[in-house]
Amino acid sequence: MDLAFTPEEQKFADEVRAFVRANLPADVRDKVKNGKHLIRDDYMRWQQALGKKGWLVYTWPKKHGGPGFTPAQRYIFENICAEEYAPGIIPFGTKMVGPVIYTFGTEAQKEKYLPAIRESTVWWCQGYSEPGSGSDLASLRTKAEKDGDHYIVNGSKTWNTMGHWADWIFCLVRTDSKSKPQEGISFLLIDMKTPGITVKPIIMADGGHEVNEVFFDNVRVPVENLVGKENEGWTCAKFLLANERLGIAAVPQSKRGVEALKDIARVEQDNGRPLIENQSFAEKIADLEIQVTALEFTELRVLSQMAQGGQPGAEVSGLKIRGSEIQQRITELTLEAVGEYSAPYLPGLLWQGTNEEPVGPDYAHLAAPRYFNTRKTTIYGGSNEIQKGIISKMVLGL
Ligand SMILES: Cc1cc2nc3c(=O)[nH]c(=O)nc-3n(C[C@H](O)[C@H](O)[C@H](O)COP(=O)(O)OP(=O)(O)OC[C@H]3O[C@@H](n4cnc5c(N)ncnc54)[C@H](O)[C@@H]3O)c2cc1C
């Protein structure tokens with residue numbers, strides 16, 4: 001593995017940094033830097049700027065309208081965006097359904113859906129999980145029955161991220177309940193404005209509205225919205241999950257998180273000295289930094305294999321486990337650094353339009369909400385226990 005970037009890659013890094021500095025709206029940068037919640041429009045403005053440049057779908061090959069970045073360029077692009085406090089790109093269109101459509105969809109579907117994903121004019125959400133069907137996804141029960149040139153969809157989805165902002169949802173639905181669970185599933189694209197769809201919020205542990213339940217009551221979906229063949233949606237589902245796990249380690253965001261933690265530890269005092277000079281706390285930060293560096297090198301190893309034409313395997317599960325644990329650890333140490341000033345719950349400060357004054361330093365009120373919110377990372381994208389199961393089978397042969 002060659003870790004040194006070439007002169008062309010250095011030039012590319014300069015181009016990315018200049019672009020982000022010129023095009024990331026200042027108010028959005030500010031919100032990301034200060035850990036505030038973003039609204040739909042914040043994401044859209046940044047994504048549309050990237051879309052105009054052709055970089056929003058930065059993982060797509062050229063033949064589908066992507067920039068055809070090499071793995072090294074992907075790495076550079078992701079790191080610089082994080083360093084410059086750009087919001088994470090919402091993956092549902094760009095990294096999930098878009099690649100499914102260009103891999104399994106018809107020409108008409110590619111023409112209809114891909115441009116709006118590349119330009120970020122349509123917001124997608126993911127309808128996989130159901131009550132009782134999360135880890136055991138193939139047991140899902142939301143039913144789609146044929147009625148002429150439509151499917152009639154009935155059932156519910158849960159833990160649906162940002163569906164309250166979405167224009168479209170991609171859903172796994174059961175089209176055959178007699179065959180084996182995986183064989184009776186289909187992949188459907190559904191317009192969220194279709195009559196019979198209800199979205200109900202699930203409030204997260206930090207008090208924020210990020211996920212939803214989605215109910216389908218006799219929802220009529222044209223058969224032309226089926227991607228791939230009927231009853232063969234599990235192939236699309238698995239392809240999408242592998243893509244989902246690849247980017248989930250969030251290394252650039254964790255590097256940014258460690259720097260923010262160190263900044264806090266330089267300001268916070270312990271017996272009249274900066275907390276960062278407390279040996280026990282400094283050791284905890286050092287341990288965290290070593291873990292982040294090890295994770296980054298593992299990710300680079302996967303990217304290096306991909307650059308030579310390899311496909312990511314069970315390493316992706318390892319990246320997901322360690323990446324999610326690191327994200328949680330950063331919030332734990334931040335909470336420890338901030339101490340009692342993290343206790344007041346000031347939800348208004350996380351959102352727009354409040355004149356509440358923070359109690360304690362500016363960064364303190366974010367520590368607890370972030371800590372609670374980040375409990376999600378070891379669950380979503382396939383829980384860490386499930387990833388360990390994959391490693392035990394594929395790597396250890398158990
Ligand atoms: C914040 C958040 C956002 C999400 N966004 C979306 C979304 O947009 N769209 C979507 O479709 N889904 C989404 N999910 C759902 C997510 O994919 C599921 O929560 C996840 O797959 C786990 O399923 P479950 O919640 O049903 O838990 P369960 O499957 O019921 O698992 C419960 C516990 O049992 C453990 N467990 C289960 N089976 C095994 C096993 N075989 N071996 C060992 N341990 C096991 C699990 O690890 C877990 O700890 C989101 C979840 C969260 C928390």
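A salt bridge is a side-chain nitrogen of Lys or Arg within 4 Å of a carboxyl oxygen of Asp or Glu. By this rule the count in this predicted model comes to 24 salt bridges.

**Exercise 1.** Determine how helices α9 and α10 are oriented to each other.

Solution. Step 1: α9 spans residues 279–307 and α10 residues 315–338; they pack at an angle of about 155°, with their axes 10 Å apart. Step 2: angles over 145 degrees count as roughly antiparallel, and α9 and α10 are therefore roughly antiparallel to each other. Step 3: their crossing is left-handed. Step 4: the residues of this contact divide into 11 nonpolar, 4 polar and 6 charged.

**Exercise 2.** Which parts of the chain does the salt bridge between lysine 284 and glutamate 336 tie together?

Solution. Step 1: the closest N and O atoms of lysine 284 and glutamate 336 are 2.7 Å apart. Step 2: lysine 284 lies in α9 and glutamate 336 in α10, so the bridge ties together parts that are 52 residues apart in sequence. Step 3: lysine 284 is partly exposed at 25% relative accessibility, and glutamate 336 is partly exposed at 41%.

**Exercise 3.** Is aspartate 42 buried or exposed, and how is its salt-bridge partner arginine 45 placed?

Solution. Step 1: the closest N and O atoms of aspartate 42 and arginine 45 are 3.0 Å apart. Step 2: both residues belong to helix α3, where a spacing of 3 residues separates them by about one helical turn. Step 3: buried means under 20% relative accessible area; aspartate 42, at 2%, is therefore buried, whereas arginine 45, at 28%, is partly exposed.

Terms used:
Residues are numbered from 1 along each chain as its sequence is written. This is a predicted model: local features need pLDDT of at least 70, side-chain atom pairs count only at pLDDT 80 or more; totals for chains, interfaces and linings use all residues. Side-chain values use heavy atoms; hydrogens and water are left out. Axes are lines fitted to C-alpha atoms, for helices over the stretch in contact, and angles run from 0 to 180 degrees between N-to-C directions. Helices (H or I, at least four residues) and strands (E, at least two) are DSSP runs, numbered from the N terminus. Angles under 35 degrees count as roughly parallel, over 145 as roughly antiparallel, 65 to 115 as roughly perpendicular and the rest as oblique. A crossing is left-handed if the near helix is turned anticlockwise from the far one by less than a right angle, and right-handed if clockwise. Ala, Val, Leu, Ile, Met, Phe, Trp, Tyr, Cys and Pro count as nonpolar, Asp, Glu, Lys and Arg as charged, and the others, Gly among them, as polar. Buried means under 20% relative accessible area, exposed over 50%, partly exposed in between (1.4 Å probe, protein chains only).
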